[in-house]
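Subject: Handing over a structure

Hi there,

Here is the structure I promised to pass on. Have a look when you get a moment, and my notes follow below.

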Amino acid sequence: MRRHARSTLIAALGVALVAAAGTPAGARPRGPQPGAAGIGDSYYPGYGNGGYDVGHYDLVTRYDTATNELTATATLTARATQDLSAFNLDLFGLTVDAVTVDGAPARTARAGSELTVTPAAALAGGATFRTVVRYHGRPQLYDMPHTGKSGWFRTSDGVVVTGQPEGAASWFPCNDHPRDKATFTFAITVPKGRTAIANGVPRGTEAGADGWTTFRYAEDSPMAPYLTTATAGDFKLTVSDHGGRPVVFASKGAPSAPLRRTPEVVDYLAGLFGPYPFSSMGGIAGGDVPGLSFALEIQTRPVYSGSASDLSTVVHENAHQWFGDSVALHDWKDIWLNEGFATYAEWLWADAHGGPKADATFQQLYKQPQNAGHWAPATADPKVAGLFGSSVYTKGAMTLHALRRTVGDEKFFAVVRAWAARKKNANGTTAEFVALAGEVAGKDLSAFFQNWLYATTKPPAPPRALRPVSTLDARAARAYVAAFAVREATHRRF
Ligand SMILES: [Zn+2]
């Protein structure tokens, strides 16, 4: 830990002397500067913040499930990526009581969801620093243009927390963008008889003298803030073990049959994509959650609305543990890298478990006319309004299947496994995926990806159907595609 108020001043004076001696007129010495108020996302320029990189969040919260009152302390350990005079955190609503940086009180200012922190002394680029934010209030839902409600979903007995694309800031101060992943520890205290569920490995519960109970969890793999949860309420917690990893289910009553199949689903997907990336797994069946009509790939603990009654959604959200959570987005524009893979995992599961063959599903969709919803907008540039549309989900999956037909099974799954392995716990872009696919397949695929990811007209048919599609296959695929469209319209999965 280094804080260099004095040496920074000397360095600035040195620069000023050099500038006076010989630099062109107009050049000014640069001392520590404020970090940017946004991380640089092309669709959401205000999301996240610049100037630092969070390594770890320690979140200690006390949450009254009856009144929605939250009292919390967030400790962020971060590294300055420039000489910093001030930096922003994202925090939506809530009252900030005190902020310290490396133990010294810091000044704060609020503007919308930006919390600007000015440390007593500037931070040197490269230095690790610790920010402690004490805050309280009643968290609220984000209402996002185009993408709907996000973050803190209040229920009759507590809260279900799920925040894509931005919503973590509804309950803790953070750098709310997947580009800044960090490890997390959680200690959530709730009234007696209530249960709290966060990400990662359970680290025990303890009863306080006041009868409230503290639930502890630790997520030791880097995680994007939007993939956190602090769900609390009247839940049954079921903890078991699968191959040395804790399996944590939270549900109203007994976990549903699809939820209980999570370890089997994870094993099946590991056979396709390579080793499961995290040290725990599970899921949260949120029950009746007003405003929540989708599932989300919360890291190690996907959140489902209702009882988690749809096995295909369990497959989808667990596929995201590889693609979306471990391999995270660098930019929201590339969302097909999450959703195309998770949707294709559903096709592959169906193919292997008595449903339609993936090739039949692809053909059923490929023969749809040009005005069908999935051909536009561009899969790899859907704009904010198309972020969770069928050109991202359906055509994203079709792109992967077309790639498989173009390069063959062996190379296709080598590409998928290489992507999961090389980008494990990191971030990836479409350009990086296109380059990796070409490298692993040993083939120039730029025209292929241009047609499938950037054009808005139906691409040329890929070669080599994997196997002949029978009438029975075609009928099954028609029913599957129709059912999928109904599910998308009534009950979206993210
Ligand atoms: Zn999804």
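In these notes, buried means under 20% relative accessible area, exposed over 50%, and partly exposed in between (1.4 Å probe, protein chains only). Helices (H or I, at least four residues) and strands (E, at least two) are DSSP runs, numbered from the N terminus. This is a predicted model, where local features need pLDDT of at least 70, side-chain atom pairs count only at pLDDT 80 or more, and totals for chains, interfaces and linings use all residues. Residues are numbered from 1 along each chain as its sequence is written, and side-chain values use heavy atoms, with hydrogens and water left out.

Let me start with helix α4 (residues 311–322): 12 of its 12 residues are buried, so α4 is largely enclosed by the rest of the structure. Among them are His316, Glu317 and His320. After α4 comes Gly324, with a positive phi near 135°.

Next, a helix pair. The axes (lines fitted to C-alpha atoms over the stretch in contact) of α3 (residues 262–273) and α5 (residues 336–352) come within 11 Å. They cross at roughly 105°, on a scale from 0 to 180 degrees between N-to-C directions. Contact here means heavy atoms within 4.5 Å, and the α3 residues involved include Tyr268 and Leu272, which α5 meets with residues including Leu348 and Trp349.

Finally, Arg154 sits in strand β11 (residues 148–155) and is partly exposed, at 28% relative accessible area. Its contacts, not counting residues up to four places away in sequence, include Tyr63, Asn68 and Pro290. The Arg154 side chain also reaches the backbone oxygen of Gly158 at 2.9 Å.

Best wishes

Methods. A polar contact is a pair of N or O atoms within 3.5 Å; within protein, one must be able to donate a hydrogen and the other to accept it, and residues adjacent in sequence count only if both atoms are side-chain atoms.
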